[in-house]
Amino acid sequence: MLTPAELVWLIAAVAKGDEAAFERLYAATRAKLFGVVLRILRRQDLAEEVIQEAYVKIWKSAGQFNPGLSSPITWMASIARNRAIDVVRRRGETSIEEEPSAMEVAADTPDPLARREMTEELKRLLECVGRLEPDRQKLVLLAYYNGWSREQLAAKFEAPVNTVKTWLRRSMMDVRECLGL
Amino acid sequence: MMAYSDDHIALAAEYALGTLDADERAQVETMMSVDKDFTAMVQAWEHRLGALNQMVGSVEPRPEVWEKIRTAVGHSEQQAPIVLPQPSLPPVVPAVEEWAAVAAAVDNSNVIRLSANVRRWRSIATATSAIAAVLVAMIGVGLFLPDLFPDSMRPRTRTQVVETKAPPASAPSAQYVAVLQKEGGAPAFILTVDGATKNFTVRKVEAPAEPGKSFELWLISDKLPQPRSLGVIGGSDFTARPILASYDVETVKAATYAVTVEQAGGSPDGNPHSAPVFTGKLIEAVPSSAPAR
């Protein structure tokens, strides 16, 4: 992975229509973005479609990237992840039933990094998420990593959808307060 | 950054988390398209939560993926301007069926013989009201009001006795809002109508003008045999006019508002010459003296 500064520079070049820079940007970030969307979509073909659309959008909107507001990889991952979430929401909530094993496969959150490999931002966020009750921590992480809907989370936690809705909202407000947003 | 209600903050957070349903996501995207501060709030959440991606394992996509991206990018101009659709009919006679469909589609009592076309318009109306609801909540917190209602347009003092409970002198009269947009598209115009004076204001959000063409606003009502022109709009960011005063309140509230692309200066004969490009219906705005939600 290139450094954030190198990625910022590449995005600036892409904004000017530099195709070679775009190819380098793709090479440096494709595996991370594909990992993020594949985890949510859990289907190679859908993930490939989403990643294509995401990079086309990155190409078109590179000029709108603001390094003061976001890091390059987070900006790019958000574009890809938002697209993936849109796709699963529009496909409806049947994917879990279609794939009986998907629940178990997707049920765990990714392996924790060694603490020394984490950025300060991740440490800070995990500290705040870690202050939530254990079930809520899991709720938030499953929602983020797996792109699950409230309905899917309700099934997993055996709770009414409205309850899950309240939990999610309170959890996010607690995290917000902890982060000082 | 302006103060947002907890509902807005939670909406931004849950958008970034990914737990909103498809309609709510569309609402957030609409709000982002009209409100830079709200966009910044969503992006702040995306940035904070995005740190979690560090723990997601990398997976190499197949090489074909890059080939497709490169092809797609090669064919697409960077920062391509948004192109308005061509009017789908020759500029002779308005598409009566299509206009009728627009009116029928938004009339809930007339749902029996809906063609596919009408269902399309229905879905526009439904999506529009959902999005408008969000915008109304925003208006409730005073986001649009200062811009949309210059002093000259505030309701005038009435001399006649009003039977209903008189609002406090400082409270604005009921405001109605319609988001005019293409199906599934971002808002192009935001129409606001003052309930008391029936003055209306159109704010241009995102509607690139075609050279030699004008946008014209129309009122479509099942009480009227054909669309009525409300004049050319979009020449500047704001258009304000009192023309709705000649219609009764129920017609104004129940009508569908549509924008067509006409020749420069507007339709010469009072009839629309294209299919509606942007449409929307009014919904009642929350009075600004009440809580946002």
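I began with strand β2 (residues 187-194) of chain B, which is joined by five bridges to strand β3 (residues 200-204) of chain B, the two running antiparallel. I took helices (H or I, at least four residues) and strands (E, at least two) as DSSP runs, numbered from the N terminus. I called two strands paired if DSSP finds at least two bridges between them.

The model is predicted: local features need pLDDT of at least 70, side-chain atom pairs count only at pLDDT 80 or more, and totals for chains, interfaces and linings use all residues. Residues are numbered from 1 along each chain as its sequence is written, while chains are lettered from A and ligands numbered from 1 in the order in which they are written.

**Strands of chain B**

I looked at the turn next. β2(B) and β3(B) make a hairpin with five residues between them. In that turn, Lys198(B) has a positive phi of about 60 degrees. Opposite Ile190(B) I found Arg203(B) in β3(B).

I then followed β3(B) to strand β6 (residues 238-241) of chain B; they pair antiparallel over four bridges. There, Val202(B) has Thr239(B) in β6(B) as its bridge partner.

Which strands pair with β7(B)? I found eight bridges to strand β4 (residues 213-220) of chain B, antiparallel, and four bridges to strand β8 (residues 278-281) of chain B, also antiparallel. Phe215(B) is opposite Val261(B) in β7(B). Thr256(B) has Lys281(B) in β8(B) as its bridge partner.

I checked the burial of β7 (residues 256-263) of chain B: seven of its eight residues are buried. For burial I required 20 or more other C-beta atoms within 10 Å of the residue's own, with 12 or fewer as exposed, partly exposed in between, and C-beta atoms placed from the backbone.

Of its 293 residues, 38% count as buried.

**Cores**

I defined a nonpolar core as a set of buried Ala, Val, Leu, Ile, Met, Phe, Trp, Tyr and Cys residues joined through C-beta atoms within 7 Å. The largest has 66 residues. Among those with the most contacts inside it are Leu33(A), Val37(A) and Ala12(B). Helix α2 (residues 19-41) of chain A gives the largest share, 10 residues. A second, separate core of 29 residues includes Val177(B), Val179(B), Phe189(B) and Tyr257(B).

What does Ile51(A) touch, leaving aside its neighbours within four places in sequence? I found Leu33(A), Phe34(A), Val37(A), Ala80(A), Pro61(B) and Val65(B). Contact here requires C-beta atoms, placed from the backbone, to lie within 7 Å.

**Two helices of chain A**

I compared helix α8 (residues 134-146) and helix α10 (residues 161-179) of chain A: their axes come within 10 Å and cross at roughly 95 degrees. α8(A) is therefore roughly perpendicular to α10(A), a label that covers 65 to 115 degrees. I used axes fitted to C-alpha atoms over the stretch in contact, with angles from 0 to 180 degrees between N-to-C directions. Arg136(A), Leu139(A), Val140(A) and Ala143(A) in α8(A) meet Trp167(A), Leu168(A) and Ser171(A) in α10(A).

**The A–B contact**

I counted 40 residues from chain B and 50 from chain A in the contact. On the side of chain B, α3(B) gives the largest share, eight residues.

Note on methods
Contact = placed C-beta atoms within 7 Å. Parallel < 35°, antiparallel > 145°, perpendicular 65-115°, else oblique.
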